[in-house]
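Please open the structure in a viewer and keep the sequence beside it. The stops below say what to select and what is there.

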Amino acid sequence: MAKKLGVIGGLGPLASAYFYELLSRMTEAKIDQEHMEINIISRPSIPDRTGYILGRNNDNPLPHLVEVGKTLEEMGVDYIALPCITAHYFHEELTNMINVPIIHVIKETVNYLKENGIKRAGIMATEGTISSKLFQTELLKKNIIPITPSKKGQEYISNLIYKNIKMGLPVNMEDFFKARDELSKNGADTIILGCTELSLIKRDEDIGSGFIDALEILARSCITKCEAKLKSEYTNLIS
């Protein structure tokens, strides 16, 4: 029997809904009973992670994340997934306070890149993720050179996340491609979609090749760690 997964969701809601869809689509199952059991707690009221990291607000998300994590622990889950990349800023503290393994999507993504011979990785993520060097630190540990956006490139990405997707508005694909082209021009072998809102762009738009979606990596890791079966077509996740 597959192990039970807990999900700290709602960060944001659309990304969490898509994460559940990915878990279902990527699992090799012919009947309902072959899917893993998943407990999802959607808590969109958790304060904005980037705002706190950058000092724009003083409302610490950590106690809220711990509360949800402990509830999932009480439910008897075997692993916890956090489909919000920026929230991994709190991963070490969460791990120390919750007695359930929390899958580290950034490390999982970087390990996958290393296994596939990537030497230089571009990063599209929130300003909080970039400024706290969450991806850069892990990439350098694996001798992968991180390529980060310029100030203008980051502005394009932040607008896509906060002024398009989170607001439920159409995505400005011109801004997306400007950010992509800058990272590619600066030598990125592949580009990490390092914010779960950006995963929705990959789902809904033709973004071309040369990307790895961290949310797909998280879903893949959850399926394998929870001992469900991964569909063979999801073995290669670099587009």
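Helices (H or I, at least four residues) and strands (E, at least two) are DSSP runs, numbered from the N terminus. The model is a predicted one, in which local features need pLDDT of at least 70 and side-chain atom pairs count only at pLDDT 80 or more, while totals for chains, interfaces and linings use all residues. Residues are numbered from 1 along each chain as its sequence is written, and side-chain values use heavy atoms, with hydrogens and water left out.

**Stop 1: Ser221**

Select Ser221, which sits in helix 11. Is Ser221 buried or exposed? Ser221 counts as buried because its relative accessible area is 3%; buried means under 20% relative accessible area, exposed over 50%, and partly exposed in between (1.4 Å probe, protein chains only). Now show the contacts of Ser221, where contact means heavy atoms within 4.5 Å. Apart from neighbours within four places in sequence, Ser221 is in contact with Ile103 and Glu108.

**Stop 2**

Next, select the four strands that form an open sheet in the order 5-4-6-7, with parallel pairing. Two strands pair if DSSP finds at least two bridges between them. Strand 5 and strand 7 (211–213) are the edge strands, each pairing on one side only. From one strand to the next, the twist averages 30°. Axes here are lines fitted to C-alpha atoms, for helices over the stretch in contact, and angles run from 0 to 180 degrees between N-to-C directions.

Zoom in on strand 4 and strand 5, which run parallel and are joined by three bridges. Opposite Gly122 stands Ile147 of strand 5.

**Stop 3: helix 7**

Keep helix 7 (residues 134–141) selected. Which residues of helix 7 are buried? They are Leu134, Phe135, Gln136, Glu138 and Leu139. Among the elements covering them are helix 5 (105–115), strand 4 (120–124), helix 6 (127–131), strand 5 (145–147) and strand 6 (190–193). An α-helix has 3.6 residues a turn, so residues three or four places apart point the same way.

Pick out Glu138 in helix 7. Glu138 counts as buried because its relative accessible area is 13%. Beyond neighbours within four places in sequence, Glu138 is in contact with Ile106, Lys107 and Val110. Just after helix 7, look at Asn143, which takes a positive phi of about 60°.

**Stop 4: the second largest pocket**

Select His88, Tyr89, His91, Glu92, His104, Ile106, Lys107, Lys133, Leu134, Thr137 and Glu138 to display the lining of the second largest pocket. On a 1 Å grid over the protein atoms alone, a cavity is a set of points where a 1.4 Å probe fits but cannot get out, and a pocket is an open set with protein on both sides within 12 Å along at least five of seven lines; lining residues have an atom within 4 Å of a point.

The space in this pocket is about 200 Å³. Grid points are joined across faces, edges and corners, and a volume is the space filled by probe spheres set on the points. Helix 4 (91–97), helix 5 and helix 7 each supply at least two residues of the lining, and helix 7 gives the most, with three.

**Stop 5: Val100**

Move to Val100, in the loop between helix 4 and helix 5. Val100 counts as buried because its relative accessibility is 6%. Leaving out residues up to four places away in sequence, Val100 touches Glu73, Val77, Asp78, Tyr79 and Ile80.

**Stop 6: the cavity**

How many cavities of 30 Å³ or more does a search of the whole structure find? The search finds one. The largest cavity holds about 80 Å³ of space. Of the 13 residues lining it, select Arg49, Cys84, Thr86, Thr126 and Glu197, which lie nearest its centre. Helix 2 (49–53) and helix 10 (196–204) each supply at least two residues of the lining of the largest cavity.
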